[in-house]
Amino acid sequence: MSSPTDSGSMGVPRSGWWLESWKNYICAALAALEALMGLITLISVFPSCIISGVIQLLAAIAAFAIEAPAIVSFLRFAAPIGMFFDNKPAWMKAVFYLVISIIPSFFGCPGFAIYIGVVAGIALAIIYGLLILGPKASRDQMKFQAGSAAAAGQPYSPTSP
C-alpha cells in the first residue's frame, strides 16, 4: 500500500496518495451510483430510456468487474472483462470508462438520472486520468523548470531574492 510520503522526501506529503490508496473503493462507489441511476432510467415507458438504462447498467457491471470483481462474481460474462483489464495500463481503463459512460447519452432519454449516471461514469475516467498525470511537482521544482527572465537562464535558487 502506498504511504502518504515520498520515500526520499523527508516526510513531505505526496499530493495523490489518497487517490492511489482509495481508487478501487471510489470507483466501486461511482459504479454503484451509475447502476442505481441505470435502474431508475430503466423504469420508463420510453424505449430510448430503456435502452439507455440497460447500457448504463452494463457499464456499471463492467466497472464492478474491473474494480471490485467479488461484487459481480455470480455473473459469468463479467469475469473475462475483469481479467482483460487486470494488468492493463491506467490510460486504457480511463478511455474505456469514458467511452462506455458516454454511450447512453446518445439515445435521447430526457431524464435527470441518465445524466447523473453519465457523470458518474465520466468521474471514473477522471480518477484514472488523475492517476496518469501523477502528483504535481513541488514549488521549487516548478520554479526551476520555469526559469526566470531576470536570471537570464540561471537556475532558480531558493536563497536568491
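Which residues touch the most other members in the largest nonpolar core? I started there, and I found Val 72, Ala 78, Tyr 97 and Leu 124, out of 21 residues in that core. My note on the term: a nonpolar core is a set of buried Ala, Val, Leu, Ile, Met, Phe, Trp, Tyr and Cys residues joined through side-chain atoms within 4.5 Å. Helix 1 (17–42), helix 2 (47–67), helix 4 (90–102) and helix 5 (112–133) each give two or more residues to this core.

**Ground rules**

I am looking at a predicted model, where local features need pLDDT of at least 70 and side-chain atom pairs count only at pLDDT 80 or more, while totals for chains, interfaces and linings use all residues. Residues are numbered from 1 along each chain as its sequence is written, and side-chain values use heavy atoms, with hydrogens and water left out.

**The whole chain**

I looked up the secondary structure and got six helices and zero strands. From the N terminus on, the order reads α-α-α-α-α-α. Helices here are DSSP runs of H or I with at least four residues, strands are runs of E with at least two, and the numbering goes from the N terminus.

Of the 161 residues, 33% count as buried. Buried means under 20% relative accessible area, exposed means over 50%, and partly exposed is in between (1.4 Å probe, protein chains only). The chain exposes about 10200 Å², and carbon and sulfur atoms supply 71% of that. Those areas come from the Shrake-Rupley method with a 1.4 Å probe; for residues, only the protein chains shown count as cover.

I also checked contacts, meaning heavy atoms within 4.5 Å. Among contacts between residues at least 6 apart in sequence, 55% join residues at least 24 apart.

Gly 121 lies in helix 5 and counts as buried, because its relative accessibility is 1%. Leaving aside neighbours within four places, Gly 121 is in contact with Glu 34, Tyr 97 and Ser 101. Gly 121 and Ala 60 are 61 residues apart along the chain, yet their C-alpha atoms are separated by 8.0 Å.

Is Ser 52 buried or exposed? I found Ser 52 buried, because its relative accessible area is 0%. Ser 52 lies in helix 2 and touches Thr 41, Pro 104, Phe 107, Cys 109 and Ile 114, not counting residues up to four places away.

Ile 51 is found in helix 2 too, but Ile 51 is partly exposed, at 39% relative accessible area.

**A patch on the surface**

Ile 51 belongs to a nonpolar surface patch with Trp 91, Val 95, Val 99, Ile 103, Phe 106, Phe 107 and Ile 132. Together they have about 780 Å² of accessible area. Patches take residues with over 30% relative accessible area and no salt bridge; like charges are joined within 9 Å, and nonpolar side chains (Val, Leu, Ile, Met, Phe, Trp, Tyr) within 5 Å. A salt bridge is a side-chain nitrogen of Lys or Arg within 4 Å of a carboxyl oxygen of Asp or Glu.

Which helix gives the largest share of the patch? I noted helix 4, with three residues.

Val 95 is in helix 4 and counts as partly exposed because its relative accessibility is 46%. The C-alpha atoms of Val 95 and Gly 129 are separated by 9.0 Å, though the two are 34 residues apart along the chain.

**What the record says**

I checked UniProt: an unreviewed entry lists residues 25–47, 53–78, 90–107 and 113–133 as "transmembrane region". UniProt positions are in the numbering used here, feature names are shortened, and annotations may be inferred rather than shown by experiment. Over residues 113–133 the model is 100% helix and 0% strand, with end C-alpha atoms 30 Å apart.
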